[in-house]
Amino acid sequence: MATNRTFTMIKPEAVANGDMGKIIDMIIEAGFKIKAMKLTRLTPERAGEFYEVHKERPFYGELVEYMSSGPIVAAVLEKENAVADFRKLIGATDPSEAEEGTIRKRFAKSKAENAVHGSDSDENAEIESNFHFSADEIVG
Ligand code: ATP
Ligand code: MG
């Protein structure tokens with residue numbers, strides 16, 4: 001995948017709180033094009049697989065339970081410098097450290113329930129996009 005794509009999820013508490021539309025609006029306003037999007041739900045097994053890199057971390061069990069607790073929105077986004085620009089738009093993992101104007105500052109409840117996911121590298125953006133979407137679900 002080209003370096004101009006990233007992958008995001010709107011996490012369960014943000015979907016449950018009705019913040020989905022406002023978050024998508026902020027993403028589009030920031031200049032990202034939506035290349036794929038769906039409302040879906042992760043089983044605990046799939047959530048565990050998605051966050052496998054955190055398997056040894058103390059919060060892994062809590063993270064898997066949270067990410068499988070309700071519907072999420074998965075999306076592939078495109079913009080120049082997508083990975084870095086999207087991490088900037090979402091803000092720090094802990095909303096108390098997130099800058100004003102970021103998605104997490106506005107919508108995240110806590111460091112665990114932090115509203116959105118953003119890929120941390122081009123390589124992971126591609127892996128994560130392929131985890132959720134087949135090639136024909138991503139528009140050219
Ligand atoms: P994400 O990968 O979801 O975009 P991130 O890259 O900002 O978030 P990571 O370090 O990759 O942060 O952590 C993945 C997710 O695990 C966090 O978004 C959060 O939901 C949860 N998490 C991280 N640290 C903690 C913690 N100390 N306690 C509870 N949950 C945590
Ligand atoms: Mg991460």
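With which residue does Lys35 form a salt bridge, and how far apart are the closest N and O atoms?

Modeller: The model is a predicted one, in which local features need pLDDT of at least 70, side-chain atom pairs count only at pLDDT 80 or more, and totals for chains, interfaces and linings use all residues. Residues are numbered from 1 along each chain as its sequence is written, chains are lettered from A and ligands numbered from 1 in the order in which they are written, and side-chain values use heavy atoms, with hydrogens and water left out.

The partner of Lys35 is Glu78, and the closest N and O atoms of this salt bridge are 3.8 Å apart. The term salt bridge denotes a side-chain nitrogen of Lys or Arg within 4 Å of a carboxyl oxygen of Asp or Glu. The pair links distant parts of the chain, since Lys35 belongs to strand 2 (residues 33-40) and Glu78 to strand 3 (residues 72-78), 43 residues apart. Strands here are DSSP runs of E with at least two residues, helices are runs of H or I with at least four, and both are numbered from the N terminus. Lys35 counts as buried because its relative accessibility is 11%; buried means under 20% relative accessible area, exposed over 50%, and partly exposed in between, with a 1.4 Å probe and protein chains only.

Another joins Glu100 and Lys105 at 3.9 Å; here Glu100 is exposed, at 66%, whereas Lys105 is partly exposed, at 34%.

The setting of these pairs is a protein chain with 7 helices and 4 strands, which follow the pattern β-α-α-β-α-α-β-α-α-β-α along the sequence. The radius of gyration of the chain is 14 Å, close to the 14 Å that the globule rule gives for 140 residues, so the chain is as compact as a globular protein of that length. This radius is taken over C-alpha atoms, and the rule is 2.2 Å times the number of residues to the power 0.38. Along the principal axes, the C-alpha atoms fill a box of roughly 35 × 35 × 25 Å.

Of the 140 residues in the chain, 46% are buried. Val116, in strand 4 (residues 116-118), counts as buried because its relative accessibility is 0%. The C-alpha atom of Val116 is separated by 8.8 Å from that of Ile23, although the two residues are 93 residues apart along the chain.

An N or O atom in the side chain of Arg87 is 2.9 Å from an oxygen atom of ligand 1. A polar side-chain atom of Thr93 lies 2.5 Å from an oxygen atom of the ligand, and one of Tyr51 lies 2.9 Å from a ligand oxygen.

Conventions. Polar contact = N/O pair within 3.5 Å; in protein donor to acceptor, adjacent residues only side chain to side chain.
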